Structure formats: C-alpha cells, structure tokens
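This report looks at one protein chain.

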Amino acid sequence: MYSNFLSLVTVKASPAHSTMALIEDEPEDMDPWDMPELKDTGVPWSALDTKGKVLRVFVSVGKIVLLLGFLYMFICSLDILSSAFQLVGGKTAGDIFQDNSVLSNPLAGLVIGVLVTLLVQSSSTSSSIVVSMVSSGLLTVQVAVPIIMGTNIGTSVTNTLVATTQAGDRSTFRRAFAGATVHDFFNWLSVLVLLPLEVATGYLYEVTKLIIDSFKIESGEAPALLNVITDPLTESIIQLDQSVISGIATGDPEARNKSLILKWCQTFTNTTLMNVTVPGPENCTSPTLCWVDGNYTFTLKNISETYNVQKCTHLFVNVNLPDLAVGLILLTLSLLVLCSCLVLIVKLLNSMLKGQVAAVIKKILNTDFPFPFGWVTGYIAILVGAAMTFIVQSSSVFTSAITPLVGIGVISIERAYPLSLGSNIGTTTTAILAAMASPGDTLANALQIALVHFLFNITGIVLWYPIPFTRIPIRLAKGLGSITAKYRWFAAVYIICCFFVIPLFVFSLSLAGWQVLVGVGVPILVLLIIILIINMLQKRKPSCLPAALRSWDFLPLWAHSLAPWDKVVGVITAKCCCCCKCCQAASDDQEHGVQESAEKNKKAHTAVYDNPAMSADKEVEDEIKIELKILKMTRL
C-alpha cells in the first residue's frame, strides 16, 4: 500500500523523486498553466471588401447557431445519459438504499451516496430517493446526511469524464483535466473535514433543524426553466417512471416487477367508498362502520382504481425489450452524441475565439476588479456559477460545459474554481425549491435534507476558498493535471480508483463491521498521514529528517515514480496495436490470396474453354475432389 500510494502521487522521476510535486508549482522559466494566445490567422476585418465582410458575418452567425445547436444536443445527451444509467442500474440503486442496517454506518452511507449517484448519473435523482425515504420514515435525517455528502461527490465524475475527451493535445488535456478535477478535490476535501465533524457534533443536522424550526416556510413549486426547452426532445426519446426506484427503496413489493419505462403518461385515479370483507372487527375502519354477517365481517373502505387514459409517445413505449437492453442502447447512443458534440463544440470555439474576440472574452472572464476590490471577483464568479446552474438545473451540465473552455485556454483554472463552487450551490437551490413542493406533512424533513446539502457546500466554500492559502484544490488539481499530461493513462487510473475502487473497498469494510473497518482503515490512514508529513518535511525542512528519509531513493524506482509503469503501459499498448495490425495484415493477405486464386481460376477456365483436352482433365479432377470430400464426411 505504501509503494502504491507513492507511485500514484509522484509527478515525474526527478533526482529526489519527491511526491510533493502534487502541490508544487512548475519551474519559473516555463509555466504550462499560462493562458495560450489564440492567434487570428484569418484576414483582418479592415482588409475585407463588402462581399467578404457580408460573408464573414453570415459565417459567424452560422457558427453561433451551430454552437447553440451542439450545446443543446450536448445538454440533451446528458439528460438521456442519466436516463440510460437509471435503466441500467436504477433498480440496483433502489435495492442499495433499502438496506437500512448498512445505511446507519456513516462511511457506508457516504459510499452508497457516491455509488448510487454514479449508477444513475444524477445527484438530483439520488437526492430525491433520499428525500422520499426520509419523508416515508424509513430513514432519519441524521442517517441521510452522509448519503447527501456522497451524492455531492458522485455527481462530479461527469465533467472528469468529459475532460478525457481532450486527451489529444497535451497542453489542452493538462488544463482541461485540472479544471475538471478541481471540483473533485473540493468535494473530497470537504467530506474529509465535515463527515467526522458531523459524526462527532451533528453540526449540519442541528443547524438545519434550527433553521427549519425558526421559519414558517410555505410550500411552493420548483421551476422548470431549461427543461421547458430540452424536454420536448428528451421526452420524445425516453420517459421514465421515477416512482419505481423510490418504490423499491421504500420497500414497495409491486415496484420491483414494474418497468422503469413510462408507458402511460396520463392516468385517472377514482376513489370510491365500498363494502369490503376484513378478517375481523379489529380490522374495521371504524366501529360504527363495521358489521358481522355470519362468518363474514364487513366494513366501508376507500378503494382506489387507476385507469389508463393516454399512452406516451416516446420511441420506446411499444418496444418489447427489458430495461437493461434499452438502457444499454441509450447509453451507447448518448455517449456517442455527447462525445461528438463536445468535439464539435471545441472545434467551433477554437475557430471563433481568435484575435480580438478571444482577447475580449478572456479579459472579461479572467480579469479581477481593481484594487482594493480584487477579492470580490471570485465571489461574483461563485454567484455566476450558481445562477447558471440554477438556469440549467444541473451542476454536471454546467461544469461539463466550462471544462472544454478551460482546456482551450479561455477560462483559467483560478476562475473555473469559483465557478464550480457556485455550481454546487446552484444545484442545491434547485433541490430546496423542489423540496418546498412537498406535501405539508413531509415538508419539514424534505426541506431539512435539502438545506443539509446547501449548508455542506457553503461550509466547504468557507473552508477552501476565502483565504488564498486554503485554496488547496487548485494546487492539487494542477498537480494531477501535470501527471495526466505526461502519463495520460493515469487519468483512467484516477477515475477508476477514486470513484469505484476506493468507495467499494470502504463499503466492503463497512459491511464487515466497525471492528474490521477500524482495524484495517486506521493503520492505512495513519500510514498515509505519515507519508504526507514526510513529504512536507522533505520539501520544507529536510534537515529534520534522517538522511535515509530525505528522499525516496532507498525505494525501488517503480515504488515512487510512474515512469516504469508508463513503460509497462507502453509495451502493453504496443503489443495490442501490433496484434491488431497483425490481424489486419492477415485478413488483408487472406483477401489478397482469395483474389489471386480467383484470378487463377478465371485464367484456368479460359484455358479450358480454349482446349477440349484440358476441359476433360479438369472435369475428372473435380469428380475426384468431390468423392474425397464425401469419403471424409462419411468417416466423420
């Protein structure tokens, strides 16, 4: 574990092979984080004639229309991607939430929040499941707090995956991956601080309960906003019945046999008071509405019957395929559209943001206010991020949209950080408004959970933003960006480890009980802390350490550098490519051989027609071959 940790956090093989490269800056003579100049290679506007100016205006307008179209398709593909993940893993997510004994463990609750959000690719969906369970009494607010923290982490994987699509250019990939993972590091660091604090003091629960008790809050409705534009397209492709996942989580036996694909979009429920038989008088709805006739006991009871009125019109309404098959189809198509739109958006932005246009946009986005109000700029960026996320109603959509802008150098990482923090706040305000649409009897608990999410992000911002020294996520993201720029395969390692391996490892330890969790987790945690302390001392005060610990040179190179692992990955990749090329060459040779044999046969047939003697010999040979084949078949 010690050697693996060192290999994961080493940036490059230097003489000291120090793992502090994650938080140290690049050499002063060459800073890879400088914003690139987007040079204008076209003809200046002043040099164009009237026809050229009109043509350029039309081209620019066309590019803007295409950009908006691709952005629209990008947002819709994210929505379809969320639906696809729910079809593939939605019922599994409901089953995970149903195990209340596991959820009572804070670490297990945190990991379940991460994994369920990864399965459904929507923190709104996983949060709504938690709210429904709290409202129904299956979960208490205290137990649900760690799960809400986990949903905050799980939703940040989307923009990290989007950043990997820009791996073609090393510098662009460095900036894009750093701009995406700054969101990840903020969420992880906030959880590392606030989860122990919540377990020890109940900080989030007590503060939100005080807010709920202090104000008389009336119910309302969550606004639709961007969904008004995207729903016509997404709902024509697929519509899901969200009550199925919530029903499985709340223990409804009928929900397990239902399909997540919505068949009937309009239904009518009729409730009538009817005479029904019950086992005994104690089961009657009221003593005055109960009578016995021989061996039968009757009572009056409200019976609800649901009638299907109008069928949905989406593409999969009449498809007789299981949810998993439909989910995989949508997953493949949505990922294809997502990646295609992202590549086209980046190319359009690169063609549009040149010269004076790029200079103006970069100046607006990255320039601070004059002294002494420079510190206000970041907080305005937080408000902008919150407002934009509130409009699009998805932090994943907003952060995924600014990731390519960071990659091409329009937005700096220092500006992307407060925008990402604002997106965290924006997505919680939408949840608060949605919670306020809950019925009166469940409003308090639903709103308290939404406020827990809001207070969690506000507290995280207070911890990791106001003081420049505390903006550790930026330095960690830059360090990770430098790693992935040099070793691009490490991006996949990071995503798999941080969002799958580590959560599953912690979850498995949680299932084994507190004793196993403490016995295994505490030594690992202590070892990691010791390694970090040694790294800091190596960087700042190496004289305080013994001579052997002033560098990691006493360990094998593979234990504290990614260079040997890069060679292994290179060899494996080369072999895979070689195998593919060999298979392609073999198929080409086979096709070439077939073509040659066909040409020879053609020539032979031509010669046969020219010479009757050869024709007779050819017929004899063919007969002999047929007889041999028959003999072989009879032997088999």
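Is K209 exposed, partly exposed or buried? K209 counts as partly exposed because its relative accessibility is 32%. Buried means under 20% relative accessible area, exposed means over 50%, and partly exposed lies in between, with a 1.4 Å probe and protein chains only.

## Basis of the model

This is a predicted model, where local features need pLDDT of at least 70, side-chain atom pairs count only at pLDDT 80 or more, and totals for chains, interfaces and linings use all residues. Residues are numbered from 1 along each chain as its sequence is written, and side-chain values use heavy atoms, leaving out hydrogens and water.

## Salt bridges

Side chains of opposite charge can pair when their charged atoms come close. The structure has 2 salt bridges. The term means a side-chain nitrogen of Lys or Arg within 4 Å of a carboxyl oxygen of Asp or Glu.

K209 pairs with D213, with 3.1 Å between the closest N and O atoms. Both residues sit in helix 9 (residues 203-214). They are 4 residues apart, about one turn of the helix. D213 counts as exposed, because its relative accessibility is 54%.

E414 and K478 form a salt bridge too, at 2.6 Å from N to O. E414 belongs to helix 16 (residues 413-435) and K478 to helix 18 (residues 472-486), so this pair ties together parts 64 residues apart in sequence. E414 is partly exposed, with a relative accessible area of 39%. K478 is buried, at 18%.

## A nonpolar patch

F369, F373, W375, Y379, I380, V384, M388 and I391 make a nonpolar surface patch of about 770 Å². Patch residues have over 30% relative accessible area and no salt bridge; nonpolar side chains (Val, Leu, Ile, Met, Phe, Trp, Tyr) are joined within 5 Å, and like charges within 9 Å.

V384 lies in helix 14 (residues 376-392). V384 counts as partly exposed, because its relative accessibility is 40%.

## The whole chain

The chain holds 22 helices and 3 strands. These are DSSP runs numbered from the N terminus: helices (H or I) of at least four residues, strands (E) of at least two. Of the 636 residues, 41% are buried.

Among contacts (heavy atoms within 4.5 Å) with a separation of 6 or more, 77% join residues 24 or more positions apart. The accessible surface comes to about 34100 Å², and carbon and sulfur atoms account for 66% of that surface. Areas come from the Shrake-Rupley method with a 1.4 Å probe; for residues, only the protein chains shown count as cover.
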